[in-house]
Structures are given as structure tokens and as C-alpha cells.
Amino acid sequence: MLYDDVLFPVLPDRPYVYANFAMTMNGSLDFSQEGSRATSFGSSYDRAVLHTLRAHADALAHGRKTMRTMWAMNDLVSPEFLERRERLGKGSVLHYLVFAS
């Protein structure tokens with residue numbers, strides 16, 4: 001799996017920031033209809049990469065609509081995800097920031 005063995009640098013005087021972005025072929029993601037969800041966006045491999053990157057993170061940043069509609073936010077409390085973070089020495093708490101949009 002991509003990023004399974006990645007080692008992110010630990011910088012003594014500042015945080016290390018990385019980003020993971022996704023968009024459709026037409027360049028947008030719009031889940032503006034009530035009840036819309038992003039469950040069908042991306043493959044199972046894409047979702048596995050997303051989970052791997054999140055397991056390494058100390059914090060996540062999301063827009064308000066993404067936070068409300070993304071299936072992946074529920075995965076942050078799954079036993080498998082929490083165990084993976086523990087194995088990486090990250091602890092079970094993953095902070096996240098939500099930006100108004």
C-alpha cells in the first residue's frame with residue numbers, strides 16, 4: 001500500500017504539513033444537496049491511502065461542508081483506525097479544524 005512505510009520528518013521548531021486533495025474530472029466536488037455523501041467518490045484504494053495519511057497526522061483541516069458530508073470522518077473513531085494510530089505512536093486523539101465555507 002502506498003505510504004505504509006512513509007516516515008514523515010519531525011521538525012524541532014515547526015510543524016510538518018502535508019496535504020491530500022481530490023477532485024472529479026470536471027474539477028469540482030459538490031455535495032450541496034441535502035443528504036448527499038461522498039461515499040462513491042474514489043476507489044477503495046484511494047480511501048485506504050486517505051486512511052493511511054490520516055493515521056500519520058497530528059491534526060486534520062476540513063471545510064464545513066466536507067465535515068458534514070464525508071463518510072471518512074466516521075472512520076476516525078473506528079477501532080482499526082485507533083489501533084493503527086497507537087502502533088504509529090500517535091495516540092488515539094486526532095485533532096481537526098473545521099473552516100467555515
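Visitor: Why does Tyr16 count as partly exposed?
Guide: Tyr16 has 40% relative accessibility. Buried means under 20% relative accessible area and exposed means over 50%, with partly exposed in between (1.4 Å probe, protein chains only). Tyr16, at 40%, falls in between, so it counts as partly exposed. A word on the model itself: it is predicted, with local features needing pLDDT of at least 70 and side-chain atom pairs pLDDT 80 or more, while totals for chains, interfaces and linings use all residues. Residues are numbered from 1 along each chain as its sequence is written, and side-chain values use heavy atoms, leaving out hydrogens and water.

Visitor: Good to know! How many aromatic pairs are there, and what makes Phe8 and Tyr18 a stacked one?
Guide: The count comes to three aromatic pairs. Phe8 and Tyr18 lie 4.3 Å centre to centre, with 10° between the planes. Rings of Phe, Tyr and Trp (its six-membered ring) pair if their centres lie within 6.5 Å; planes under 30 degrees apart are stacked, over 60 edge-to-face, and the rest tilted. Phe8 and Tyr18 both belong to the segment before H1, ten residues apart. Phe8 is partly exposed at 23%, and Tyr18 is partly exposed at 28%.

Visitor: Why is the pair of Tyr16 and Tyr18 called tilted?
Guide: Their centres are 6.4 Å apart, and the planes make 40°. Ring pairs link Phe8, Tyr16 and Tyr18 into a cluster.

Visitor: How do you know that Lys90 and Asp58 form a salt bridge?
Guide: The closest N and O atoms of Lys90 and Asp58 are 3.0 Å apart. A salt bridge needs a side-chain nitrogen of Lys or Arg within 4 Å of a carboxyl oxygen of Asp or Glu, so the pair qualifies. One salt bridge is counted. The partners are 32 residues apart: Lys90 lies in the loop between H3 and E2, and Asp58 in the loop between H1 and E1. Lys90 is partly exposed, with a relative accessible area of 28%.

Visitor: Which helices and strands does the chain have?
Guide: There are three helices and two strands, in the order α-β-α-α-β from the N terminus. Helices (H or I, at least four residues) and strands (E, at least two) are DSSP runs, numbered from the N terminus. H1, residues 44–56, has 13 residues, and its buried residues include Val49, Leu50 and Leu53. What covers the buried residues of H1 includes strand E1 (59–63) and helix H3 (79–87).

Visitor: What makes E1 and E2 a pair?
Guide: Five bridges join E1 to E2 (residues 95–99), and the strands run parallel. Strands pair if DSSP finds at least two bridges between them, so five are enough. Ala61 stands opposite Leu97 in E2. On E1, Leu60 and His62 make the covered face, while Ala59, Ala61 and Gly63 make the uncovered one.

Visitor: Which residues form the largest nonpolar core?
Guide: Six residues do: Ala55, Ala57, Leu60, Leu76, Phe81 and Leu94. Such a core is a set of buried Ala, Val, Leu, Ile, Met, Phe, Trp, Tyr and Cys residues joined through side-chain atoms within 4.5 Å. Phe81 touches, among others, Ala55, Leu76 and Leu94 (contact means heavy atoms within 4.5 Å). Of the 101 residues of the chain, 21% count as buried.

Note on methods: Expected span 1.5 Å × (residues − 1). Lists of a residue's contacts leave out its neighbours within four places in sequence.
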